[in-house]
Amino acid sequence: MAYIEFHDVVKRFGDNTVLDHINFGIEKGDLVTLLGPSGCGKSTLLRCLSGLEQVTEGKIILDGADVTNVPASKRNIGMVFQQYSLFPNMNVEQNIAFGLKMQKVPTDQIAEKVARAVDMVELKGKEKMYPANLSGGQQQRVALARSIVTEPKVLLLDEPLSAIDAKLRRALQSRIREIQQELGLTSIFVTHDQDEAMVMSDVIQLFHAGRIEQAGSPVDVYTKPISEFAASFIGSYNQLTAAEFADLTGERVDAGNVVAVRPETIGISTEEPEADDAYVLKGMVVGSMPRGNVLRYTVRTRTSVLRVDVLFRSFHMFNDGETVYLALPKHDCLVIPAAA
C-alpha cells in the first residue's frame, strides 16, 4: 500500500469536470511532481488532498487512513503557495512559530524547532526582520520553514517559485530538494515548467485535461513519451506525420501514429554524413535561437520543418540560408499514437 493513494478521484465544478477519475499512489519519502499546463487539474488535486476542496467522487487515503471527509485542520498537511501569505505584523521567527503555537507546543520546544527551521532555510541572522524588509526569495523561504516546522505528514508546494527570478529559482529548487531529502518528507510539487519537474522529482505525473497522461521517473517520461501530448509538452519533440516520415526516410509507419524525435538527438553538418544507423536528410537553415548554452536551429527539409539543438559554440555556427545535412538516429525516432 502506498503512503498516499488517490482512488477514482473526480472533482466537478458545476458541469465542468476538472479531475476525471484520478488513480495513483505516492510512496513515503518521495517528491512527486504534478506537471501540466494551466487548467489541467493539478492544483485542484492538491487542494483536494489538503482538504481545501471536497472531492465529488472517489476517495483519498493518507498513511492508511481514509481522509476524504476529514477536515483540513485534522490532516497534518503543510502547504506552500505561490503567494507567500506571511503575517506582515510578525517577524520571521514569529511567522515560523505560528503553526507550532496553534498546536500548543511548549515554548522551549518552539524555540528549538524554529531555530532549526531557520538554519535549514538559510535565514540565520534574519529572525527579527519583518516580511516587508525581505526579498521575495527570503519570504518564500520563511513560508517553506513555516510549513516544515510543524513536521507535517505531507508537504504540498503549489507553484511556489513561479514569481521568483530565474537564478534564485534554480537555487531554491536545489534547496527545497535538499531539505525534502534530508527530512525524508513526502512531498507533492505542482508546476507547469518541465525543466523544474526534471530537476525536482522522483516521479512525474503528467496531467492533461483532468487526467493523468503519463507517469514515471523524469528520465522515462522525457525519453519515452507515450502520446503526442506528452511528446510536445515534456520534450519539445519534433513530430512527423506518418506521411511526412515516409516521404523523408522511405520508412512506413501506421497512419494512426506520429514519429517523434528530440531536437538534441539530431546531428547537423555541412557535409553529408555516412550513417547506416541514421536517416540522413538534406535541408536549409531558416533560423536560429540561443537558449542558454544551447543553440536551436530551425531547418526546412523537403516536406517538414525540424528543430535541432546543439551546444552553443561560437566558433562553429550555421547561417540562415545555408544548406545542411541532418542525421536522425533510427533508435531515437519514436513511433507514438497520434492525437485523436
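First, a definition: helix axes are lines fitted to C-alpha atoms over the stretch in contact, and angles run from 0 to 180 degrees between N-to-C directions. Helices and strands are DSSP runs, H or I of at least four residues for helices and E of at least two for strands, numbered from the N terminus. This is a predicted model, so local features need pLDDT of at least 70 and side-chain atom pairs count only at pLDDT 80 or more, while totals for chains, interfaces and linings use all residues. Residues are numbered from 1 along each chain as its sequence is written, and side-chain values use heavy atoms, with hydrogens and water left out.

Now the overall numbers. The protein chain has 9 helices and 18 strands. Its C-alpha trace spans about 75 × 50 × 35 Å along the principal axes. Of the 340 residues, 48% are buried, where buried means under 20% relative accessible area, exposed means over 50% and partly exposed is in between, with a 1.4 Å probe and protein chains only. Contact means heavy atoms within 4.5 Å. Among contacts with a separation of 6 or more, 66% are between residues 24 or more positions apart.

On to helix packing. Two packed helices are described by the angle between their axes and the distance between the axes. Helix α4, residues 136-148, packs against helix α5, residues 166-183, at an angle of about 15 degrees, and the axes are 11 Å apart. The two, α4 and α5, are therefore roughly parallel; the cut-offs are under 35 degrees for roughly parallel, over 145 for roughly antiparallel, 65 to 115 for roughly perpendicular, and oblique for the rest. The crossing of α4 and α5 is right-handed, and the convention is that the near helix is turned clockwise from the far one by less than a right angle, with anticlockwise being left-handed. On the α4 side the contact is made by G137, R141, L144 and I148, and on the α5 side by L168, L172, R175, I176, I179 and L183. That contact divides into 7 nonpolar, 1 polar and 2 charged residues. Here Ala, Val, Leu, Ile, Met, Phe, Trp, Tyr, Cys and Pro count as nonpolar, Asp, Glu, Lys and Arg as charged, and the others, Gly among them, as polar.

The next pair is α2, residues 92-102, with helix α3, residues 107-120. The axes of α2 and α3 come within 10 Å and cross at roughly 130 degrees. That makes α2 and α3 oblique to each other, and their crossing is right-handed. From α2, the residues E93, I96, A97, L100 and K101 meet I110, K113, V114, A117 and V118 of α3. The contact of α2 with α3 has 7 nonpolar, no polar and 3 charged residues.

What about burial in α1? Helix α1, residues 42-50, is mostly covered, with 7 of its 9 residues buried. Those buried in α1 are K42, T44, L45, L46, C48, L49 and S50. G51 follows α1 and has a positive phi, near 95 degrees.

Next, aromatics. There are 5 aromatic pairs in the structure; rings of Phe, Tyr and Trp, the last by its six-membered ring, pair if their centres lie within 6.5 Å, and planes under 30 degrees apart count as stacked, over 60 as edge-to-face and the rest as tilted. F87 and F98 have ring centres 4.7 Å apart and planes at 50 degrees, so this pair is tilted. F87 sits in the loop between β6, residues 77-80, and α2, while F98 is in α2, 11 residues apart. F87 is partly exposed at 29% relative accessible area, and F98 is partly exposed at 29% as well. F229 and F233 form a stacked pair, 5.6 Å centre to centre with 20 degrees between the planes. Both F229 and F233 lie in helix α8, residues 228-234, 4 residues apart, about one turn of the helix. F229 is buried, at 16%.

Which residues other than glycine have a positive phi? Most residues other than glycine have a negative phi. One exception is H21, with phi near 55 degrees. H21 lies in strand β2, residues 16-26, and is partly exposed at 41%. Another is S85, with a positive phi of about 55 degrees, in the loop between β6 and α2.

Last, P218, in helix α7, residues 218-223. P218 is buried, at 9% relative accessible area. Leaving out residues up to four places away in sequence, P218 touches A197, M198, S201, D202 and I204.
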